[in-house]
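Open the model in your viewer and keep the sequence beside it. The stops below say what to select next and what is there.

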Amino acid sequence: WKRISKPLFNILARFESMDEVSTRNTFNMIFSSAAECAKLRPYVIDKNEENFDRLEKELLAMSL
C-alpha cells in the first residue's frame, strides 16, 4: 500500500501460508531515497512492532 501522509513511503506486505495454522508475513518499507530511509530508521522498528501488535489483536478477534 502507499502511505498518503508524511512521512511518505510504500509498504509491500506478503502473507504466505506455512501450514494449516501458521502464516509467514514479510513486510517491506520502500522509501523514495536512502536519505529518507536513514532519517526514519531510528523509529520504524518500534512503530512497526506497534502495528504488528494491532494486527495480531485484529486477527485474534476475527478467529473467535
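Begin with the two strands. Select strand β1 (residues 10-17) and β2, which pair in the antiparallel sense over 8 bridges. Two strands count as paired if DSSP finds at least two bridges between them. Helices (H or I, at least four residues) and strands (E, at least two) are DSSP runs, numbered from the N terminus. Between β1 and β2 lie 5 residues, and the two strands form a hairpin. To see a facing pair, pick I11, which stands opposite M29 in β2.

A note on what is shown: this is a predicted model, in which local features need pLDDT of at least 70 and side-chain atom pairs count only at pLDDT 80 or more, while totals for chains, interfaces and linings use all residues. Residues are numbered from 1 along each chain as its sequence is written, and side-chain values use heavy atoms, with hydrogens and water left out.

**The core**

Buried means under 20% relative accessible area, exposed over 50%, and partly exposed in between (1.4 Å probe, protein chains only).

**The rings**

Next, look for aromatic pairs, of which the whole structure holds 3. Select F27 and F52, an edge-to-face pair with 5.1 Å from centre to centre and 70° between the planes. This pair links distant parts of the chain, since F27 is in strand β2 (residues 23-30) and F52 is in helix α1, 25 residues apart. Rings of Phe, Tyr and Trp (its six-membered ring) pair if their centres lie within 6.5 Å; planes under 30 degrees apart count as stacked, over 60 as edge-to-face and the rest as tilted. F27 counts as partly exposed because its relative accessibility is 23%, and F52 is also partly exposed, at 29%.

**The salt bridges**

How many salt bridges does a search of the whole structure find? There are 3. A salt bridge is a side-chain nitrogen of Lys or Arg within 4 Å of a carboxyl oxygen of Asp or Glu.

- Select R24 and E16, whose closest N and O atoms are 3.7 Å apart. R24 is partly exposed at 44%, and E16 is partly exposed at 41%.
- Move to E36 and K39, which meet at 3.4 Å, N to O. Both lie in helix α1, 3 residues apart, about one turn of the helix. E36 counts as buried because its relative accessibility is 19%, whereas K39 is exposed, at 51%.
- Finish with E50 and K47, at 3.8 Å, N to O. These two also lie in helix α1, 3 residues apart.

**The surface patch**

Last, select F15, L55, L59 and M62, which make a nonpolar surface patch of about 430 Å². Helix α1 (residues 34-63) supplies the largest share of this patch, 3 residues. Patches are made of residues with over 30% relative accessible area and no salt bridge: like charges are joined within 9 Å, nonpolar side chains (Val, Leu, Ile, Met, Phe, Trp, Tyr) within 5 Å. Accessible areas come from the Shrake-Rupley method with a 1.4 Å probe; for residues, only the protein chains shown count as cover. L55 is found in helix α1 and counts as partly exposed, at 32% relative accessibility.
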